[in-house]
Amino acid sequence: ISKCIPDGNGMYDCFVITNVHVADVPRIYKFTVFTFRNNRKYHEYPAEVSFLGKNPLKEKDAEDLAVIKFKSPIPYSGFVLPPADYQPKVGSRVNQIGCPGGVPPPRTLDRPCYIIAVNKYLGPDTITCNVPTEKGRSGGGLFDESGYYIGTCSTTNDKESIFTSYK
């Protein structure tokens, strides 16, 4: 969750960053929040697409980022974006977090992950990591050692994973 803002009526508008190729399908969304408090509870909320970028499956050089919005009675805390002058560095250790195939609970990879390239491919800003992600992890976050959210999982192959940079 990136941010929850009071709506003035006792509820919160909560926003989540994901991928266009995850959100760009006609359907009614249900957003599940998994909390580690109160004996690991799942909370489900109806959701809608708030922003839809360009779909890389349909357009060249698409950024593949979307924002989903849901209403909640709880002000969930979100991740923190790095300072405006932040630059991801090759060799830095990072952590991938997500729910492969949408199956909770969220989890991290079981081996060390490092940035091996920044903007390796033509198109939008990307961060490439040395460890492939599990299938179905699109939309999961990439975090640096300071806890900053620095990218969203977009694709993978048998050697690496590629994240769309938050910028």
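Author: Residues 24 or more positions apart account for 57% of the contacts in the chain with a separation of 6 or more, where a contact means heavy atoms within 4.5 Å. Keep in mind that this is a predicted model, in which local features need pLDDT of at least 70, side-chain atom pairs count only at pLDDT 80 or more, and totals for chains, interfaces and linings use all residues. Residues are numbered from 1 along each chain as its sequence is written, and side-chain values use heavy atoms, with hydrogens and water left out.

The chain has one helix and 12 strands. These are DSSP runs numbered from the N terminus, with helices being H or I of at least four residues and strands being E of at least two. Along the sequence the pattern reads β-β-α-β-β-β-β-β-β-β-β-β-β. Of the 167 residues in the chain, 39% are buried; buried means under 20% relative accessible area, exposed over 50%, and partly exposed in between, using a 1.4 Å probe and protein chains only.

Now for the cysteines. Searching the whole structure turns up one disulfide, meaning a pair of cysteine sulfur atoms within 2.5 Å. It joins C4 to C14, with an S to S distance of 2.2 Å. The torsion about the S-S bond of C4 and C14 is about 115 degrees, so this disulfide is right-handed. C4 sits in strand β1 and C14 in strand β2, 10 residues apart. Both ends are tucked away: C4 is buried at 16% relative accessible area, and C14 is buried at 0%.

What about C113 and C129? C113 is in no disulfide, and its nearest cysteine sulfur, that of C129, is 3.9 Å away. C113 is buried too, with a relative accessible area of 2%. C129 is likewise in no disulfide, and at 0% relative accessibility it counts as buried.

β1 (residues 3-6) runs antiparallel to β2, and four bridges join them; two strands pair if DSSP finds at least two bridges between them. I5 has D13 in β2 as its bridge partner. The two strands form a hairpin with five residues between them, and G8 in the turn has a positive phi of about 90 degrees. β2 also runs antiparallel to β5 (residues 66-72), joined by seven bridges, and here C14 has F70 as its bridge partner. Five of the seven residues of β2 (residues 12-18) are buried, so this strand is largely enclosed by the rest of the structure.

A nonpolar core is a set of buried Ala, Val, Leu, Ile, Met, Phe, Trp, Tyr and Cys residues joined through side-chain atoms within 4.5 Å. The largest one has 15 residues, and C129 is among those with the most contacts inside it, along with V94, I127, L142, I150 and F163. The elements giving two or more residues to this core are β8, β9, β10 (141-144) and β11 (149-156), and β11 gives the largest share, three residues. Not counting residues up to four places away in sequence, L142 touches a list of residues including V94, I127, C129, I150 and F163. Apart from this core lies another, of nine residues, among them C14, V33, I68 and Y76.
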